[in-house]
Amino acid sequence: MMGHTHAMTGAIAWLGLAPPLAALPLLSDTSRFIETGIMATALSPAELIAGAIICAGAAMLPDLDHPSATIAQTFGPVTWLLSKLVSWLSGGHRGATHSLAFAVALGFGAHWLANAYPIGRDVMVVLLIGLALRAIGVGIPGNKLGSAMVNIGMTAGLYAVFLSLGVGYAWLGLAVGVGCLIHVVGDCMTERGCPVLWPLGAKFVLPWKIGIKTGKKFEQKILAPILSVAIIGLLFWRLAPV
């Protein structure tokens, strides 16, 4: 699947799954409890939107194994070099990063980072926002450097807005894990499948064998509009007054 498809499905998964999951004890925002004496068991509207963007960015992470993918172009040479390293470590495209083990490891890793190292957490949040923006096409067509600069500026702006709104990130690990997992599910709908149970080498394709061809008419002209409508509908549903 293409980058924008992965990003949109990540946002959809977050908007659909996060509100009930955010009430789990490990995902409650203890910082608010310290400040107010009230344990936050629900996402604020700002957190819901921030989470959708971050989960969309996380849905790009498995493609770090592909130096030509959208994710590798996000912040210019920095992400390209990172992608080359990940590709070498994971055994090439659709290797270790396209597995359940990768999604679980990154989810727990991000959860630990969010609680133990605020600076590392903030770096990850900024990276994921940037990935989401790049995936949906933010940038200057044909100008990689200009696109990177635009992306950096918008990423910084969004991060500053979330900071001013008091967004907490107790749910960061959930967003990262769900994003990575939804990427793997999406690629299992394509003809090539994914090594879901890596290190086992078998490639899995979903039983109904949709066989989506990456970048072809169905994905660009039919699937993308459907996903866009789904995101808008879920936002209205989740943000509507009770």
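Leu 172 is in contact (heavy atoms within 4.5 Å) with Ile 54, Ala 110, Ala 114, Arg 121, Met 124, Val 125 and Leu 128, neighbours within four places in sequence being left aside. The model is a predicted one, in which local features need pLDDT of at least 70 and side-chain atom pairs count only at pLDDT 80 or more, whereas totals for chains, interfaces and linings use all residues. Residues are numbered from 1 along each chain as its sequence is written, and side-chain values use heavy atoms, with hydrogens and water left out.

Leu 172 is also among the residues with the most contacts inside the largest nonpolar core, together with Trp 14, Ile 54, Leu 61 and Trp 171. This core has 51 residues; a nonpolar core is a set of buried Ala, Val, Leu, Ile, Met, Phe, Trp, Tyr and Cys residues joined through side-chain atoms within 4.5 Å. At least two core residues each are supplied by helix 1 (3-21), helix 3, helix 5, helix 6, helix 7, helix 8 (172-187) and helix 9 (217-239). In soluble globular proteins, nonpolar side chains tend to be buried together.

The chain contains 9 helices and 0 strands, where helices (H or I, at least four residues) and strands (E, at least two) are DSSP runs numbered from the N terminus. Of the 242 residues, 46% are buried, that is, under 20% relative accessible area with a 1.4 Å probe and protein chains only, as against exposed at over 50% and partly exposed in between. Among contacts with a separation of 6 or more, 68% join residues 24 or more positions apart.

Helix 3 (residues 45-58) packs against helix 6 (residues 118-135) at an angle of about 80 degrees, with the axes 7 Å apart; axes are lines fitted to C-alpha atoms, for helices over the stretch in contact, and angles run from 0 to 180 degrees between N-to-C directions. Helix 3 is therefore roughly perpendicular to helix 6, since angles of 65 to 115 degrees fall in that class, those under 35 count as roughly parallel, those over 145 as roughly antiparallel and the rest as oblique. Ile 53, Ile 54, Ala 56, Gly 57 and Ala 58 of helix 3 meet Val 125, Leu 128, Ile 129, Leu 131 and Ala 132 of helix 6. These residues comprise 9 nonpolar, 1 polar and no charged; Ala, Val, Leu, Ile, Met, Phe, Trp, Tyr, Cys and Pro count as nonpolar, Asp, Glu, Lys and Arg as charged, and the others, Gly among them, as polar.

Helix 6 also packs against helix 7 (residues 144-164), at about 125 degrees and with axes 9 Å apart, an arrangement that makes the two helices oblique. On the helix 6 side, the contact includes Asp 122, Val 125 and Arg 134, and on the helix 7 side Asn 151, Leu 158 and Phe 162. By class, this contact has 8 nonpolar, 3 polar and 2 charged residues.

The axes of helix 1 and helix 3 come within 7 Å and cross at roughly 140 degrees, and the pair is therefore oblique. Residues of this contact include Trp 14 of helix 1 and Ala 56 of helix 3.

Ala 46, in helix 3, counts as buried at 16% relative accessibility. Ala 46 touches Leu 165 and Val 167, residues up to four places away in sequence not being counted.
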